[in-house]
Amino acid sequence: MNRDKTFNIGLILIIYLYAAASMAVVGLVVPFIHTIADIQHVSPGVVGKGLSFFALPAAILSFIFGMTVDRIGVRRSFALSVFLTVAGDVLLMSAHDIWPFRIGLMLAGCGFAYATTTSPALLMNYLPQDMRSRALAFWSTFAPAGYSAGLLLAVPFLHNGNWAMACLFHIGLMVIALVGGWMFLMHLREDGPAREAATTENTPQVRPAFARVLTLSLSVALPNGIAYGTSLVAPTYLAHAHSVSLGTTSTEVALIKIVVMLLGGGLISLLASTQQRALMLFVIMAAVGTGAQFMLFFPPSGIILASVGLFVWMFAYSSLSGSAMSLLPAVAGSGNARGVVSGIVGQFISVSSVLVPSLYFSTTTWTDYFLFAVIALVAATALLFLTYRAIRQPRLAVA
């Protein structure tokens, strides 16, 4: 392995850590909901609903964040993202009232929104062409891993409810990501790799077309919504359906997510090496994911088979997310709109995260959970087919 390849792999890993650490804020808050509610003298439901403030910036403003990334560059955006997340942590540490707490979540959400737009743009701008799709396939699994990392980060402080110390440790994680990331960014050429001149199977279009951006965004967002909804209801559902403790199921979900997302992301980055392979992998994993959802939620499955179903679903989701995101370089094009396209994809993902909790918490029927998954995965597969077809068209896109 030569030095350049080693450097590029290190860059991918530090960007993954940076994005996952930005997402960890949500996982950090969830175990402390009752503690924070007692501090603020409100009901736990008020604190739980406040989590939506984290997703709002990305759901509403990701397109604007993407434009900013294209305007000021990925280096400044990277530093700004970490600063916003740390500022949100500081406000959360000292938040004894509900509105400072919500503003802290919103600031951290702005940092996360920048992370989801800066990271893809950075990988597309600075990695060699043959690594971009694979890097994005791996990077796309950061959100579930980051959420679970936040859950685990909170564990040492749950016994005494030391919420502020947990936030302090998260600040330390963000600082590590900043220092590590900056050490890599300072060695990158400002102009990035040479722009591609032609359009081939592995070369992106010169300018992005809205139709392709839309279909790709939906094909990424729909499985993400199912994954997010599953993570919200699975611990409680498994605890009630199979008579096990909620703490056991919560820890199980967190550990499975981290392990599967990292291993699955690495494996998918190798398998989704071409657009055709990525599409085939998506179709196969949509079928596997459908079967896994049935195994997970079908009550007679038993806790062992349900746990296997959860494991298989997480792997299927990492494959779905990675294979779809591997098409992003071809959709984004080789021009100057990569940040905007990344922002649009991130915006669709965030909107799905805002809408899904109401959908999943509106029912406790396992058949509804399974139906949600079937509809979303079938629709996402059809949309990715449309994206692939549009990419393969020989004519250049018009913005």
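Contact here means heavy atoms within 4.5 Å. The model is predicted, with local features needing pLDDT of at least 70 and side-chain atom pairs counting only at pLDDT 80 or more, while totals for chains, interfaces and linings use all residues. Residues are numbered from 1 along each chain as its sequence is written, and side-chain values use heavy atoms, with hydrogens and water left out.

View 1. N8 lies in helix α1, which covers residues 3–29; helices (H or I, at least four residues) and strands (E, at least two) are DSSP runs, numbered from the N terminus. Leaving aside residues up to four places away in sequence, N8 touches L127, P128 and M131. With a relative accessibility of 10%, N8 counts as buried, where buried means under 20% relative accessible area, exposed over 50%, and partly exposed in between (1.4 Å probe, protein chains only). G10 is also found in helix α1, and its relative accessibility of 15% means that G10 counts as buried.

**View 2. H41 in the loop between α2 and α3.** The loop that holds H41 runs between α2 (33–40) and α3 (44–50). The phi angle of H41 is near 60°, which is a positive value in a residue other than glycine. H41 counts as exposed, because its relative accessibility is 75%.

**View 3. F83 in helix α5.** F83 is found in helix α5, which is made up of residues 74–93, and at 57% relative accessibility F83 counts as exposed. F83 and L107 are 24 residues apart along the chain, and their C-alpha atoms are separated by 9.4 Å.

**View 4. Helices α6 and α15 where they pack.** Helix α6 (residues 98–126) packs against helix α15 (residues 338–360) at an angle of about 135°, with the two axes 8 Å apart; axes are lines fitted to C-alpha atoms, for helices over the stretch in contact, and angles run from 0 to 180 degrees between N-to-C directions. The two helices α6 and α15 are therefore oblique to each other, given that angles under 35 degrees count as roughly parallel, over 145 as roughly antiparallel, 65 to 115 as roughly perpendicular and the rest as oblique. The crossing in which α6 passes α15 is right-handed; a crossing is left-handed if the near helix is turned anticlockwise from the far one by less than a right angle, and right-handed if clockwise. On the α6 side, T116, T117, P120, A121, M124 and N125 meet R338, G339, S342 and G343 of α15.

**View 5. Helices α12 and α13 where they cross.** Helix α12 (residues 275–297) and helix α13 (residues 302–325) cross at roughly 155°, and their axes come within 8 Å. The helices α12 and α13 are therefore roughly antiparallel to each other, and their crossing is left-handed.

**View 6. Helix α8 and its buried residues.** In α8, 10 of the 13 residues are buried, so that the helix is mostly covered. Among these buried residues are F142, P144, Y147 and L151. The end C-alpha atoms of α8 (residues 142–154) are 18 Å apart, which agrees with the 18 Å that its 13 residues should span at 1.5 Å a residue; the expected span is 1.5 Å times one less than the number of residues.
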